[in-house]
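Trainee: I would like to learn how to read a structure one residue at a time. Where should I start?

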Amino acid sequence: MGGIAQKLGRGKFVILHVSVAGKNVGTLKFLLDQENHPELCENFRALCSGDYIKDGKTLSFKNSRFYKITPHAVFGGTPALEASTSLSVESIYGRTFDYMPRSPPEKHNLRGQLSMVSANPNSDSPQRKFDTRFLITTQPAPEFDKIHIPFGMISPGDTTSHETLTRLAELAVDERGVPQTDARIGSSTDNFQFHKSFYLKVLGLGALAYLYPRVKERFESAKRKAIEKHRHEVKPTPASVLAQAPAKRQEK
């Protein structure tokens with residue numbers, strides 16, 4: 001997993017804004033291992049950015065809970081307690097999806113690793129089943145190996161994210177590990193560019209035809225808003241300054 005930290009120059013990351021008891025307590029910034037786990041990374045990225053719409057609902061982590069905390073990890077990615085009419089927590093591949101790693105998965109040997117939580121942890125099959133749940137390690141956790149799959153991490157030098165992780169890890173929990181204080185993902189963002197090639201390769205031509213115009217419109221809308229905002233922020237030249245300007249020489 002140290003290889004992900006070495007890919008900082010590529011700049012591919014997602015950011016989760018964390019709230020506890022309704023108050024913002026910080027952010028979690030994850031580098032994602034696109035090279036080895038593109039399907040897992042795209043599912044997580046899409047749920048962070050809200051790019052994917054299904055049955056009129058935006059698939060998103062927004063307002064979802066951190067539902068369990070253990071000595072080794074913080075678990076998140078379950079639906080919000082108050083169901084929204086416009087949001088849904090479901091993977092972009094369906095409620096569950098099967099995944100076969102291309103190579104042996106990394107070990108859970110670092111703090112701050114981001115890992116998909118297996119939906120069939122008791123299976124001995126190399127093919128795993130996942131949904132939307134994820135975990136963030138708070139210390140090395142070899143018991144997670146061969147069950148869950150790491151696909152991202154917090155950079156070791158990212159003190160802000162590690163402080164936020166500590167805030168979550170120190171929350172009081174009940175005997176089942178459920179936090180006694182409500183902890184959620186307030187919002188989330190990414191800095192990825194939309195790649196048609198991924199959806200064409202992984203999801204097929206139908207998904208590409210459905211997604212591309214919608215995501216393209218999101219980017220174009222954001223661009224238009226930025227331009228309009230800039231126009232409003234540009235202050236007109238005062239009349240007093242114009243009066244002092246040299247008059248334009250009349251052409252003969």
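Mentor: Start with position; this is a predicted model. In which loop is H108 found?

Trainee: H108 is found in the loop between β8 (97–99) and β9 (113–118). Is H108 buried or exposed?

Mentor: Compare the relative accessible area with the cut-off: buried means under 20%. H108 has a relative accessible area of 2%, so H108 is buried.

Trainee: What is H108 in contact with, leaving aside neighbours within four places in sequence?

Mentor: The partners include Q113, T137, P140, F144, D145 and H148. S115 is also in contact with H108, and a polar contact of 3.0 Å joins the side chains of H108 and S115.

Trainee: Next, cores. Which residues have the most contacts inside the largest nonpolar core?

Mentor: The general idea is that nonpolar side chains tend to be buried together in soluble globular proteins. Here the largest nonpolar core has 36 residues, and those with the most contacts inside it are L28, F30, F44, F66, F134, I136 and L168. Helix α2 (residues 38–49) gives the most to this core, with six residues.

Trainee: What does L28 touch, not counting residues up to four places away in sequence?

Mentor: Among the residues L28 touches are V14, F66, I136, I154 and L168. A second, separate core of seven residues includes Y67, A73, V117 and F144.

Methods. Residues are numbered from 1 along each chain as its sequence is written. This is a predicted model: local features need pLDDT of at least 70, side-chain atom pairs count only at pLDDT 80 or more; totals for chains, interfaces and linings use all residues. Side-chain values use heavy atoms; hydrogens and water are left out. Helices (H or I, at least four residues) and strands (E, at least two) are DSSP runs, numbered from the N terminus. Buried means under 20% relative accessible area, exposed over 50%, partly exposed in between (1.4 Å probe, protein chains only). A polar contact is a pair of N or O atoms within 3.5 Å; within protein, one must be able to donate a hydrogen and the other to accept it, and residues adjacent in sequence count only if both atoms are side-chain atoms. Contact means heavy atoms within 4.5 Å. A nonpolar core is a set of buried Ala, Val, Leu, Ile, Met, Phe, Trp, Tyr and Cys residues joined through side-chain atoms within 4.5 Å.
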